[in-house]
Amino acid sequence: MEKGSIIGRKTRLVLWDFVMSFMWVCSGALMKLFVGKVLGLGHEPRNEIIKASLSISNMFFFAWLADKSRGAAYNPLTVLSGAISGNLSGFLYTFGFRIPAQVFGSIVAVKLLTGILPQVGRGPRLTVDIHRGALTEGLLTFAIVTVSLGLSRTGSSGFMKTWISSTSKLTLHILGSDLTGGCMNPAAVMGWAYARGDHITKEHIYVYWIAPIEATLLAVWTFRLIFGTQKQEDKSKQKQKTN
């Protein structure tokens with residue numbers, strides 16, 4: 001019975017990953033369409049504040065959704081950083097089921113969007129050479145994963161953690177938007193690349209998959225080297241209490 005409930009929880013989590021990835025791609029594209037076409041906002045400071053507010057509100061909604069779904073995610077890098085620190089079965093479950101579900105959710109979302117609303121655009125594209133693009137996505141990913149790991153160790157409120165995470169993601173996205181799209185999300189980029197037919201090119205795989213995954217591994221290992229693992233921190237706190 002216990003084994004059945006674990007399988008049921010894992011299956012629900014995979015389904016939620018698909019749904020959240022689908023919703024993330026749709027919300028991002030529709031929000032961009034709403035801001036650009038419906039509101040007709042340009043690049044004036046006041047308009048940029050409105051855009052940023054909408055983006056942060058959207059990220060707050062997805063943070064709430066992740067909490068309600070008990071750990072679902074729309075970004076492979078989010079689940080990858082946790083899988084690296086876990087056991088082998090969790091790592092295989094993440095790579096074998098969760099990440100493919102996120103990718104499939106993005107592909108379905110883009111197919112639906114481009115079929116109904118062709119004006120949504122063609123998604124993020126690489127505008128620099130492959131090495132500069134890989135370095136950009138790698139650095140952005142390293143930064144956001146490090147922030148996420150740091151927040152997971154703090155005792156801040158859920159609201160404050162979401163606020164710091166959302167503003168960090170938005171800032172990093174803006175910094176990289178003109179070069180690679182500032183994505184930091186291989187699944188979302190895969191959806192758009194698949195629709196364009198360039199999902200198996202060297203540029204896409206190297207810049208949007210290999211570089212972010214390597215940056216995630218480096219961020220996790222660096223953080224663990226400097227601050228130790230969660231278990232080590234718990235043991236240290238327990239020792240302090242007993243002393």
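Predicted model: local features only at pLDDT ≥ 70, side-chain atom pairs only at ≥ 80, totals over all residues.

Residues are numbered from 1 along each chain as its sequence is written, and side-chain values use heavy atoms, with hydrogens and water left out. Helices (H or I, at least four residues) and strands (E, at least two) are DSSP runs, numbered from the N terminus.

Salt bridges come first. In general, side chains of opposite charge can pair when their charged atoms come close. The criterion here is a side-chain nitrogen of Lys or Arg within 4 Å of a carboxyl oxygen of Asp or Glu. On that criterion the structure holds three salt bridges.

One of them joins Asp17 to Arg98, with the closest N and O atoms 2.5 Å apart. This pair links distant parts of the chain: Asp17 is in helix α1 and Arg98 in helix α4 (residues 88-116), 81 residues apart. Is Asp17 buried or exposed? Asp17 is buried, because its relative accessible area is 0%; the cut-offs are under 20% for buried, over 50% for exposed and partly exposed in between, with a 1.4 Å probe and protein chains only. Arg98 has a relative accessible area of 8%, so Arg98 is buried.

Another bridge is Arg132 with Asp129, where the closest N and O atoms are 3.6 Å apart. Asp129 is partly exposed, with a relative accessible area of 36%. Then there is Arg196 with Asp198, at 3.2 Å between the closest N and O atoms. Arg196 has 18% relative accessibility and therefore counts as buried.

Next, the rings. A pair of aromatic rings is described by the distance of the centres and the angle of the planes. Rings of Phe, Tyr and Trp (its six-membered ring) pair if their centres lie within 6.5 Å; planes under 30 degrees apart count as stacked, over 60 as edge-to-face and the rest as tilted. How many aromatic pairs does a search of the whole structure find? The search finds 10.

Among them is Trp24 with Tyr74, a stacked pair at 4.1 Å centre to centre, with 10° between the planes. The two are 50 residues apart and link distant parts of the chain, Trp24 sitting in helix α1 (residues 2-38) and Tyr74 in the loop between α2 and α3. Tyr74 counts as buried because its relative accessibility is 11%.

Phe60 and Phe159 form a tilted pair, with 5.3 Å centre to centre and 40° between the planes. This pair also links distant parts of the chain: Phe60 is in helix α2, Phe159 in helix α6, and they are 99 residues apart. Phe60 counts as partly exposed at 22% relative accessibility, and Phe159 is exposed at 53%.

Ring pairs also link Trp24, Phe61, Phe62, Trp64 and Tyr74 into a cluster. Separately, the charged end of Lys10 sits over the ring of Tyr93, 4.9 Å from its centre. For that call, NZ of Lys or CZ of Arg must be within 6 Å of the ring centre and within 35 degrees of the ring normal.

Now the record. An unreviewed UniProt entry places the feature "transmembrane region" at residues 12-34, 73-93, 99-121, 133-151 and 206-227. UniProt positions are given in the numbering used here, feature names are shortened, and annotations may be inferred rather than shown by experiment. In the model, residues 12-34 are 100% helix and 0% strand, with end C-alpha atoms 32 Å apart. Residues 73-93 are 76% helix and 0% strand, with end C-alpha atoms 14 Å apart.

Most residues other than glycine have a negative phi. Arg70, not a glycine, has a positive phi of about 60°. Arg70 is found in the loop between α2 (45-68) and α3 (76-85), and counts as exposed at 74% relative accessibility. Met184, also not a glycine, has a positive phi of about 55°. Met184 is placed in the loop between α6 (158-176) and α7 (186-196), and counts as buried at 6% relative accessibility.

Last, Ile213, which lies in helix α8 (residues 202-227). Ile213 counts as partly exposed at 23% relative accessibility. Leaving aside neighbours within four places in sequence, Ile213 is in contact (heavy atoms within 4.5 Å) with Leu77 and Leu80.
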